[in-house]
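Me: I would like to go through this structure with you, step by step. Could we begin with the terms and then turn to individual residues?

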Amino acid sequence: MLKREASNFLRRLNCAISGIISAFKRERNLHIQSIVAILVIIIAILIHVSYTDFMIILILIGGVISLEMANTAVERTVDLITEKKPHPLAKAAKDIAAGAVLCFSIISAIIGFMILYKTLL
Ligand SMILES: Nc1ncnc2c1ncn2[C@@H]1O[C@H](COP(=O)(O)OP(=O)(O)OP(=O)(O)O)[C@@H](O)[C@H]1O
């Protein structure tokens, strides 16, 4: 029983890792966001942000990257269903998913600058 649970967990973990690899292979936005994330982490370390601020930065980075991956999943599902034929609902679904990433990215950038400003003051 426990062995089956463990094997199911490993199978799901393997699927999730495949999903991450698949998204990173094809999504240019994820490459850009990852480079920005690495730069932000390096700057945060160099200017000695507080432990709490560093955790906030990690949550924001995780949020942006996770939302981008969810956006990618929406895009691929829409393409699968519509076979890339134009449809107003397909447009709405993709635009709303992209809007969610934009909202969180803007909030993250604002919080990032607030942390930078507070730390350098
Ligand atoms: N089937 C469709 N019907 C109507 N409009 C669509 C459709 N597919 C895409 N669009 C419009 O084109 C825009 C770009 O779509 P696309 O699938 O190229 O996504 P993207 O945001 O450029 O992401 P990526 O380049 O990573 O695939 C969407 O945001 C949407 O407004």
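This is a predicted model: local features need pLDDT of at least 70, side-chain atom pairs count only at pLDDT 80 or more; totals for chains, interfaces and linings use all residues.

Me: Understood. Where is the place of Val40, then?
Reply: Val40 belongs to helix H2, which covers residues 28–46.

Me: Does Val40 count as exposed, partly exposed or buried, and why?
Reply: Val40 counts as partly exposed because it has 19 C-beta neighbours inside 10 Å, and a buried residue requires 20 or more.

Me: Which residues is Val40 in contact with, leaving aside neighbours within four places in sequence?
Reply: Val40 is in contact with Ile57, Ile61 and Gly112. Gly112 lies 72 residues from Val40 along the chain, and their C-alpha atoms are separated by 8.5 Å.

Me: How do H3 and H4 pack?
Reply: The angle between H3 and H4 is about 170 degrees, and their axes are 9 Å apart. H3 is therefore roughly antiparallel to H4, a term that applies to angles over 145 degrees.

Me: What residues make up the contact of H3 with H4, by class?
Reply: That contact divides into 16 nonpolar, seven polar and four charged residues.

Me: And which residues form the largest nonpolar core?
Reply: Eight residues form it: Ala44, Val49, Ile57, Leu60, Val64, Leu67, Val101 and Ile115. At least two residues of this core come from each of H3 and H4. H3 supplies the largest share, with four residues.

Me: Now the ligand. Which residues surround it?
Reply: The ligand is surrounded by Glu27, Glu75, Thr82, Lys84, Lys85, Pro86, His87, Ala90, Lys91, Lys94, Asp95 and Ala98. Helix H3 (51–82) and helix H4 (88–120) are the elements that give two or more residues to this shell.

Me: Which of them gives the most?
Reply: H4 does, with five residues.

Me: Finally, how do the shell residues divide by class?
Reply: The shell around the ligand has three nonpolar, two polar and seven charged residues.

Terms used
Residues are numbered from 1 along each chain as its sequence is written. A residue is near a molecule or strand if its C-beta atom, placed from the backbone, lies within 6 Å of it. Ala, Val, Leu, Ile, Met, Phe, Trp, Tyr, Cys and Pro count as nonpolar, Asp, Glu, Lys and Arg as charged, and the others, Gly among them, as polar. Axes are lines fitted to C-alpha atoms, for helices over the stretch in contact, and angles run from 0 to 180 degrees between N-to-C directions. Angles under 35 degrees count as roughly parallel, over 145 as roughly antiparallel, 65 to 115 as roughly perpendicular and the rest as oblique. A residue is buried if 20 or more other C-beta atoms lie within 10 Å of its own, exposed if 12 or fewer, and partly exposed in between; C-beta atoms are placed from the backbone. Two residues are in contact if their C-beta atoms, placed from the backbone, lie within 7 Å. A nonpolar core is a set of buried Ala, Val, Leu, Ile, Met, Phe, Trp, Tyr and Cys residues joined through C-beta atoms within 7 Å.
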